[in-house]
Amino acid sequence: AWRPLRLVDPRQWGDPVKHYAAVAMEIRVGGQVIASSADDSMPRKVLAIFDTGTTGVSMTPNLYDNYWATAKRNLVQSTKGTRVSLSEARKMQVVFELESGEELVLGMHMGKHPTYGLGLDLVTPIDEMAWAGVGPAASIANYKVPGGVANGKRPFEDVMLLGLGFLVGHCLLIDTTT
């Protein structure tokens with residue numbers, strides 16, 4: 001059964017490209033939810049751009065730092081109780097809310113894949129994405145939104161490019177007519 005996920009057009013926030021994207025309701029690392037920087041009792045909202053040209057995941061620096069801090073915390077806590085591997089401690093899940101209210105969870109493939117080999121769990125930072133406010137101050141200041149003014153209110157704190165490591169084994173159908 002198809003479970004539709006509502007996509008958003010990131011051009012409304014200044015992205016120069018109409019990417020296939022959705023706002024994730026939470027990001028989990030080793031089962032732990034990454035908290036919002038504005039309110040640590042709330043999950044961090046992230047714009048996820050589906051990018052089949054990316055192997056694992058690339059993300060803005062604040063999310064990248066929180067990802068590794070959470071993975072390290074998971075490892076430290078595991079020494080005090082049930083031991084977990086580094087792969088388990090850093091396994092990422094991106095959670096979306098479907099129109100039905102159900103969750104769609106895309107998990108990062110860890111370890112060796114029988115077809116693609118190693119590397120689907122590669123996590124890297126994005127050093128510059130001017131439209132999202134990431135990068136050198138001069139780059140951000142000189143960025144011109146294509147076609148005019150972007151909506152200043154973003155419903156997310158960070159941006160990530162979700163690659164093959166999250167999509168392998170799934171069937172992705174993009175409805176371009178509605």
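**Figure 1. Tyr-67 and its aromatic partner Trp-68 in the predicted model.** At 0% relative accessibility, Tyr-67 counts as buried. Trp-68 reaches 25% relative accessibility and therefore counts as partly exposed, since the buried class requires a value under 20%. The two rings form an edge-to-face pair, with 5.0 Å from centre to centre and 80° between the planes. A search of the whole structure finds 3 aromatic pairs.

**Figure 2. The aromatic pair of Trp-13 and Phe-156.** The ring centres of Trp-13 and Phe-156 are 5.1 Å apart, and an angle of 85° between the planes makes the arrangement edge-to-face. Trp-13 belongs to the segment before strand 1 (21-24), whereas Phe-156 belongs to the loop between helix 3 (137-141) and strand 9 (158-162), so the pair ties together parts that are 143 residues apart in sequence. Both Trp-13 and Phe-156 are buried.

**Figure 3. Strand 4 and the strands that pair with it.** Strand 4 comprises residues 46-50 and is mostly covered, as 5 of its 5 residues are buried. In a regular strand the side chains alternate between the two faces of the sheet. In strand 4, Val-46, Ala-48 and Phe-50 point one way, while Leu-47 and Ile-49 point the other way. Strand 1 runs antiparallel to strand 4 and is joined to it by 4 bridges; here Ala-22 stands opposite Ala-48. Strand 9 pairs with strand 4 in the parallel sense over 5 bridges, and Val-159 of strand 9 is the bridge partner of Leu-47.

Figure 4. Strands of a sheet pair through backbone hydrogen bonds, either parallel or antiparallel. Strand 6, residues 92-97, pairs with strand 7 in the antiparallel sense over 5 bridges. Within this view, Val-95 stands opposite Val-105 of strand 7.

**Figure 5. The largest nonpolar core and the surroundings of Val-94.** This core has 26 residues, of which Val-57, Met-92, Val-94, Phe-96, Met-160 and Leu-162 touch the most other members. When neighbours within four places in sequence are left aside, the contacts of Val-94 include Ala-24, Ile-27, Leu-104, Leu-106, Met-160, Leu-162 and Phe-166. Glu-26 and Val-105 are also among the residues in contact with Val-94. Another core lies apart from the one described above; it has 12 residues, among them Ala-21, Trp-131, Ala-132 and Val-159.

Figure 6. The secondary structure comprises 4 helices and 9 strands, and from the N terminus the elements run β-β-β-β-β-α-α-β-β-β-α-β-α. For 178 residues, a compact globule would have a radius of gyration near 16 Å, and the 17 Å of the protein chain agrees with this expectation. Buried residues account for 36% of the 178 residues. Among contacts between residues at least 6 apart in sequence, 67% join residues at least 24 apart. The accessible surface comes to about 10100 Å², and 53% of it belongs to carbon and sulfur atoms.

Terms used: Residues are numbered from 1 along each chain as its sequence is written. This is a predicted model: local features need pLDDT of at least 70, side-chain atom pairs count only at pLDDT 80 or more; totals for chains, interfaces and linings use all residues. Side-chain values use heavy atoms; hydrogens and water are left out. Rings of Phe, Tyr and Trp (its six-membered ring) pair if their centres lie within 6.5 Å; planes under 30 degrees apart count as stacked, over 60 as edge-to-face and the rest as tilted. Helices (H or I, at least four residues) and strands (E, at least two) are DSSP runs, numbered from the N terminus. Buried means under 20% relative accessible area, exposed over 50%, partly exposed in between (1.4 Å probe, protein chains only). A nonpolar core is a set of buried Ala, Val, Leu, Ile, Met, Phe, Trp, Tyr and Cys residues joined through side-chain atoms within 4.5 Å. Contact means heavy atoms within 4.5 Å. The radius of gyration is taken over C-alpha atoms; the globule rule is 2.2 Å times the number of residues to the power 0.38. Accessible areas come from the Shrake-Rupley method with a 1.4 Å probe; for residues, only the protein chains shown count as cover. Two strands pair if DSSP finds at least two bridges between them.
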